[in-house]
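I opened the model to look up its sheet, its helices and the confidence behind them. My entries follow.

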Amino acid sequence: MKLYKTIIEATKEASKTCSEWKQTSGNATYNVNDLDEIAGIHDVTFPNDSEDTFYGVFPDGEIAIINVETKTYSPIFIPATNQSTPTSSLTSTTQNTPSLDGQIRFCPECGTPLPQDAIFCDQCGMKIR
């Protein structure tokens with residue numbers, strides 16, 4: 001997973017691996033141009049001033065809001081070809097990730113979701129415990 005401060009940066013990265021998305025709060029399907037337009041408007045209207053909040057892009061093109069301080073994950077756009085739950089890309093890559101009150105553990109260095117028994121981050125190598 002890669003982290004970005006603006007959603008327009010995240011959509012540009014996500015469009016490298018995906019061409020259509022569904023918003024997690026509805027059934028509409030968006031193509032690359034639609035998503036770029038929505039992201040541009042969102043970034044101007046709601047600038048991300050938080051030091052702890054990022055837009056995460058998963059390898060399948062899923063876009064989520066990631067708070068690295070609280071370790072929370074909120075999916076925004078999921079690949080349209082994936083008809084499963086919004087967290088499908090997260091759960092498919094981290095099936096042993098612990099969930100405490102709906103929160104998921106992430107590497108404090110790079111933001112990668114962590115398996116329950118992680119001692120080191122698979123992505124950046126940071127020692128977890």
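Over which residues does pLDDT stay under 50? I found that stretch at residues 82–102, for which the model has 36 contacts beyond four places in sequence. Here pLDDT is the predictor's confidence in each residue, from 0 to 100, and contact means heavy atoms within 4.5 Å.

I note the ground rules. This is a predicted model in which local features need pLDDT of at least 70 and side-chain atom pairs count only at pLDDT 80 or more, while totals for chains, interfaces and linings use all residues. Residues are numbered from 1 along each chain as its sequence is written, and side-chain values use heavy atoms, with hydrogens and water left out.

Confidence. I read a mean pLDDT of 78 for the chain, with 80% of its residues at 70 or more. Confidence is lowest in helix H3 (residues 88–93), at a mean of 38, and highest in H1, at 94. Helices (H or I, at least four residues) and strands (E, at least two) are DSSP runs, numbered from the N terminus.

Sheet. I traced an open sheet of 6 strands in the order E1-E4-E5-E6-E2-E3, with antiparallel pairing. Strands pair if DSSP finds at least two bridges between them. E1 (2–4) and E3 (29–31) stand at the edges with a single partner strand each, so one side of each is left without a neighbour in the sheet.

Strand pairs. E1 and E4 (residues 53–57) pair over 3 bridges, and Tyr4 has Tyr55 in E4 as its bridge partner. I also looked up E6: 3 bridges join it to E2, and 5 bridges join it to E5. Trp21 is bridged to Pro79 in E6, and Ile65 to Ser74 in E6. In the hairpin of E5 and E6, with 4 residues between the strands, Lys71 takes a positive phi near 60°.

Helix pair. I checked H1 (residues 7–14) against H2 (residues 32–45): their axes come within 8 Å and cross at roughly 160°. That makes H1 roughly antiparallel to H2, a term used for angles over 145 degrees. Axes are lines fitted to C-alpha atoms, for helices over the stretch in contact, and angles run from 0 to 180 degrees between N-to-C directions.

Which residues of H1 meet H2? They are Ile7, Ile8, Thr11 and Lys12, and on the H2 side I listed Leu35, Asp36, Ala39, Gly40, His42 and Asp43.

Technical notes
Angles under 35 degrees count as roughly parallel, over 145 as roughly antiparallel, 65 to 115 as roughly perpendicular and the rest as oblique.
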